Amino acid sequence: MPSEDGDIRDFLAGQRLDPENYSSGYTEGLRKIKAEGKSKGRVHIVRQPLTDYLRFEFMYYDVHSRAGDEIRNLDVTDRPNPLEGVPDFWLFDQSEVVLMKYEDDGTQVSRELYEGDPAPYVEYQRIAIAESVPFREYVKRWPSSLTS
């Protein structure tokens with residue numbers, strides 16, 4: 001998103017968040033959701049090597065996962081993508097879908113409310129979860145995802 005331009009420049013210049021001590025309105029919201037017994041999660045389909053933008057996102061995923069965001073990665077570096085052609089999306093309460101739009105380098109440029117039947121996206125979510133691994137497990141396999 002254009003509002004991230006300065007943060008990405010800082011990241012590329014070597015600045016990193018301290019995942020043990022970082023706090024924001026977003027991380028506090030994640031902690032509140034978890035304390036209420038609710039969950040929030042995502043599955044990100046990735047391929048190595050990660051783009052600079054994805055490595056930037058992973059820096060925040062590290063912080064967010066520690067705050068309770070249930071982030072998973074589905075790596076398709078050495079395998080077929082089980083969700084080939086499915087756009088990135090958010091699924092709220094199995095009934096509302098928001099589609100995300102990206103540039104070729106992975107930079108997010110917009111989000112759009114999907115007006116159709118959410119049933120296919122419920123199935124896509126099931127597949128994504130079944131085929132992915134938790135973020136912390138993923139970065140143990142690919143530690144350079146957080147350090148490059």
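Trainee: In the hairpin of β3 and β4, which residue takes a positive phi?

Mentor: This is a predicted model, where local features need pLDDT of at least 70, side-chain atom pairs count only at pLDDT 80 or more, and totals for chains, interfaces and linings use all residues. Residues are numbered from 1 along each chain as its sequence is written, and side-chain values use heavy atoms, leaving out hydrogens and water. Strands are DSSP runs (E, at least two residues; helices are H or I, at least four), numbered from the N terminus. Three residues lie between β3 and β4, and the one with phi near 50° is Asp93.

Trainee: What is the order of the strands in the open sheet?

Mentor: Strands pair if DSSP finds at least two bridges between them. Four bridges join β3 (residues 89–92) to β4 (residues 96–102), antiparallel. Three strands make up the open sheet, in the order β3-β4-β5.

Trainee: Which strands are the edges?

Mentor: An edge strand here pairs on one side only. That holds for β3 and β5 (108–114).

Trainee: In β4, what is the bridge partner of Phe89?

Mentor: Phe89 is on the covered face of β3 with Leu91, while Trp90 and Phe92 are on the uncovered one. Trp90 has Val98 as its bridge partner in β4. For Phe89, the partner is Leu99.

Technical notes:
Buried means under 20% relative accessible area, exposed over 50%, partly exposed in between (1.4 Å probe, protein chains only).
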